[in-house]
Amino acid sequence: MNQELGLRIKALRGARGMTQEALAAALGVSPQAVSKWETGVTAPDIGLLPGISVAFGVTIDELFSLSDTEHLARIQRMITNTRDIPDSDFTSAEAMLRDIAARKPGCDEAWLQLADLYCSRIATLTRAATGFAKQALQLEPAKKCGHSILQNLGRGYGGDWTQENSLALVRYYRGLMRRAPDYEEGWRFLLPQLIGNGLLEEARETVERQPAVKNHMLAKMWLGDIAYARGEGEQALALWHECVNDNPGQWRPHGFLADRMIFMGRYEDAIREFEAWLALQEPPPYCDPYICMALLYEELGDIAKAIEMRKAQLQLLRGMGFEDGEAIDAVEREIRRLGGVT
């Protein structure tokens with residue numbers, strides 16, 4: 001697809017007597033970037049489509065006769081690689097995805113990418129709103145509404161139940177699991193919502209009566225969560241560890257136990273469980289253990305180990321084919337930030 005696109009750009013540029021340098025200047029990119037497009041090494045970002053079409057005096061459809069699949073792939077790359085998507089790129093991607101979804105209502109990928117695109121925009125707006133709230137609190141620390149906004153934005157603990165409850169998710173997943181009771185992972189999404197909202201009896205009955213949950217490797221993990229919510233800490237610990245011991249060689253129970261150790265303030269134990277996760281998981285591993293351990297080491301005051309974990313995360317991402325974009329930039333920002341921590 002890159003090669004065909006590059007040949008089209010080269011042909012249009014030649015037909016108009018335009019040099020690579022002139023096209024690059026019009027688009028605000030380097031001549032080397034244009035050269036890479038034309039040789040099929042890379043393709044222009046989606047946000048450049050309008051500018052390229054204007055430069056050549058053609059419509060985007062005339063310029064890029066891409067399939068829906070190619071459009072979806074291009075938009076996904078943009079979402080993955082861009083921290084703050086510019087308004088023009090967001091609008092173009094949104095219009096394209098809505099068009100695909102309208103023409104193909106059964107195309108789940110178009111709907112998922114619309115959700116992902118909006119999640120990216122929410123993250124951008126959340127960062128901006130958090131900065132504004134912190135600036136207000138710096139000027140007036142006693143401004144309660146500023147703290148409420150910051151708590152809601154950061155999903156902090158100790159806020160109002162009106163903001164923290166997830167009963168809407170409970171109702172959604174109840175309905176989903178009525179339609180798809182054999183979808184094992186779906187129960188994993190419902191149970192934490194039940195437990196977190198105090199619906200402990202419904203959670204217990206779900207674990208004990210639903211075959212897809214009762215026979216799940218994490219069943220005792222959830223029973224432990226119910227016990228912990230009831231204030232039965234020792235019983236919870238016993239069930240969580242039983243879950244791990246009943247599933248030797250499986251990484252997932254270690255990951256779930258690590259999370260619970262964090263909630264109990266047992267950070268060193270959590271780190272050991274994350275290390276067990278990494279040792280057991282088949283390659284390529286998830287980045288999650290490195291991210292979590294970096295956060296825990298920083299909280300424990302071991303900045304050198306936190307940086308080591310971020311560097312391991314960076315190495316993993318590069319091994320997965322990420323060379324630039326937000327996936328890499330975000331980790332490098334963390335390494336720089338940690339380097340400045342005293």
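The buried residues of helix 15 pack against helix 12 (184-196), helix 13 (200-209), helix 14 (211-214), helix 16 (233-245) and helix 17 (252-263), with contact meaning heavy atoms within 4.5 Å. This is a predicted model, in which local features need pLDDT of at least 70 and side-chain atom pairs count only at pLDDT 80 or more, while totals for chains, interfaces and linings use all residues. Residues are numbered from 1 along each chain as its sequence is written, and side-chain values use heavy atoms, with hydrogens and water left out.

Student: Which residues in helix 15 are buried?

Tutor: Helices (H or I, at least four residues) and strands (E, at least two) are DSSP runs, numbered from the N terminus. Buried means under 20% relative accessible area, exposed over 50%, and partly exposed in between (1.4 Å probe, protein chains only). In helix 15, which spans residues 219-229, the buried residues are Ala219, Met221, Trp222, Gly224, Asp225, Ile226 and Ala227.

Student: Which residue with a positive phi follows helix 15?

Tutor: The phi in question lies near 85°. The residue that follows helix 15 with this value is Gly231.

Student: How many salt bridges does the count come to?

Tutor: Side chains of opposite charge can pair when their charged atoms come close. A salt bridge is a side-chain nitrogen of Lys or Arg within 4 Å of a carboxyl oxygen of Asp or Glu. By this rule the count comes to 25.

Student: Where in the chain is Asp68, the salt-bridge partner of Lys104?

Tutor: The closest N and O atoms of Lys104 and Asp68 are 2.8 Å apart. The pair links distant parts of the chain, 36 residues apart, with Lys104 in the loop between helix 7 (87-103) and helix 8 (108-139). Asp68 lies in helix 6 (residues 68-81).

Student: Which residues are linked with Asp68 in a network of salt bridges?

Tutor: Lys104 forms a salt bridge with Asp68, and both belong to the network. The residues linked with Asp68 are Asp99, Arg103 and Lys104.

Student: What separates Arg272 and Asp269 along helix 18?

Tutor: Their side chains meet in a salt bridge at 2.1 Å, N to O. Arg272 is partly exposed at 47% relative accessible area, whereas Asp269 is buried at 18%. Because the two are 3 residues apart in helix 18 (residues 267-280), the separation is about one helical turn.
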